[in-house]
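Q: Please take me through this model one topic at a time. I will start with the loops and follow up as we go.

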Amino acid sequence: MDNSSKYTCAIIGLGRIGFSLGFDKLREQPASHTMALKRNSKINIVAGCDINPENLYEWQKYNKKASIYRNVDDLFKNIHADIVTVAVNEENHLPVAIKAIQTNPKLVILEKPVALNTSDAFELQKVSEKFKVPILVNHERRFALDYNLALDCLDSIGSIQEIHASLYSGLRVYSAKEEATGAYSLLHDGTHLVDILLFFLEKIESKNVVLKNPQIHGLYRDEKGDVRNVSAIYSFASCPLVEINISGRSKFFGFGLEILGTEGKISVGNGYFEVFRRKPSKLYSGFYSLEKDKKIRKPKKTLYFSNMISNAVDFLDGKSNLKSTLQTGINALSVLEEIKASIK
């Protein structure tokens, strides 16, 4: 590709993650696919698609040169884009992503989770391989500077003893009534939690990791029978304790990892990043304690969305591999399905 030319892109799904989160004044921007794509100088947005006419109307105000469509069939009859971004609701990921792949774009950017279940995900993988269309999954924390800085600090805290991955919100952890929509936190935000946990375990193990056979603790159901709390515990040689804790009873949103090594600790999550190291204790003679390393600070911006789009462009330019693939997305979904099967 000539450095002066651009990759064309069509966006399907112009709701929150597709567009409107780009106007949230509290979020780090860009916070939507549209805004992140617009900021990249090598991408030209040529079309947008959404079944909601209000979404289309608002979106075209900011993308006046792009075409708009109410359904994907009309979009693909008229547009062949280099990149197709799929940012529709979870229950529509499979059919929309398959239609996108069948148009033979150079890349599909798929919003997380990759599918409602692993059966759909494997079907999507077959189609992707058949048409030889790669898929970049928006598991955004793989691209964030704070999580990558934490990854770089792993070797400095000794052998890893424990990793605790936590998600707190007011959304039910699991409801059988929402199987068809995926409207429960185990899937909706749990996919981010498990994926970033696997991201760190890949570094520790020097290979892809899929957690299996969870020990379930802390299971709590509300009066409707919906799961509101669950902890899944795993163990293997390089990290004796791995815990995933998801709460749907909290009156706040919290997300993060705490990684304990033999010589230090890393805490990273929404709004915080700290590294603690082993130092001679100021509290007890002859002992060591953990002290915060003040030289290491949380990046002012994580660039989570911008870096994801940059990875897409670098991949198409032949400069980089995809950092969040359909396979890593399937790995996360497999862990979530095992947890779900254990609590149903």
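Q: Where does Pro-30 lie?
A: Pro-30 is in the loop between strand S1 (7-12) and helix H1 (33-39). Helices (H or I, at least four residues) and strands (E, at least two) are DSSP runs, numbered from the N terminus. The model is predicted: local features need pLDDT of at least 70 and side-chain atom pairs count only at pLDDT 80 or more, while totals for chains, interfaces and linings use all residues. Residues are numbered from 1 along each chain as its sequence is written, and side-chain values use heavy atoms, with hydrogens and water left out.

Q: And the peptide bond from Gln-29 to Pro-30, cis or trans?
A: That bond is cis, with omega near 0°. The peptide bond from Lys-112 to Pro-113 is also cis, its omega being near -20°. Pro-113 is found in the loop between strand S5 (107-111) and helix H5 (118-131).

Q: Which residues other than glycine have a positive phi?
A: Lys-132 has phi near 55°, and Asn-213 has a positive phi of about 55°. Most residues other than glycine have a negative phi, and most peptide bonds are trans.

Q: Where is Lys-132 placed, and where is Asn-213?
A: Lys-132 sits in the loop between H5 and S6. Asn-213 sits in the loop between H8 and strand S8 (215-221).

Q: Is Lys-132 buried or exposed?
A: Lys-132 is exposed, with a relative accessible area of 73%. Asn-213 is exposed too, at 64%. Here buried means under 20% relative accessible area, exposed over 50%, and partly exposed in between (1.4 Å probe, protein chains only).

Q: Changing topic: what is the strand order in the open sheet of 6 strands?
A: The order is S3-S2-S1-S4-S5-S6, with parallel pairing. Two strands pair if DSSP finds at least two bridges between them. The edge strands, each pairing on one side only, are strand S3 (67-69) and strand S6 (135-138).

Q: How many bridges join S2 to S3?
A: Strand S2 (residues 43-49) and S3 are joined by 3 bridges and run parallel. Within this pair, Gly-48 stands opposite Ile-68 in S3.

Q: How do S12 and S13 run, parallel or antiparallel?
A: They run antiparallel, joined by 6 bridges. Val-268 faces Phe-273 in S13. Their hairpin has 2 residues between the strands, and Gly-271 in this hairpin takes a positive phi near 90°.

Q: What does S13 pair with besides that?
A: S13 is joined to strand S14 (residues 288-292) by 5 bridges, and these two strands run antiparallel. Phe-276 has Lys-292 in S14 as its bridge partner.

Q: On to H6: which of its residues are buried?
A: In helix H6 (residues 145-152) the buried residues are Asp-146, Tyr-147, Ala-150 and Leu-151. They cover an arc of only 145° around the axis, which puts them on the same side of H6. The arc is that of the directions from the helix axis to the C-beta atoms. An α-helix has 3.6 residues a turn, so residues three or four places apart point the same way.

Q: What covers the buried residues of H6?
A: The cover includes helix H8 (190-205), strand S11 (254-261), strand S12 (264-269) and strand S13 (272-280), where contact means heavy atoms within 4.5 Å.
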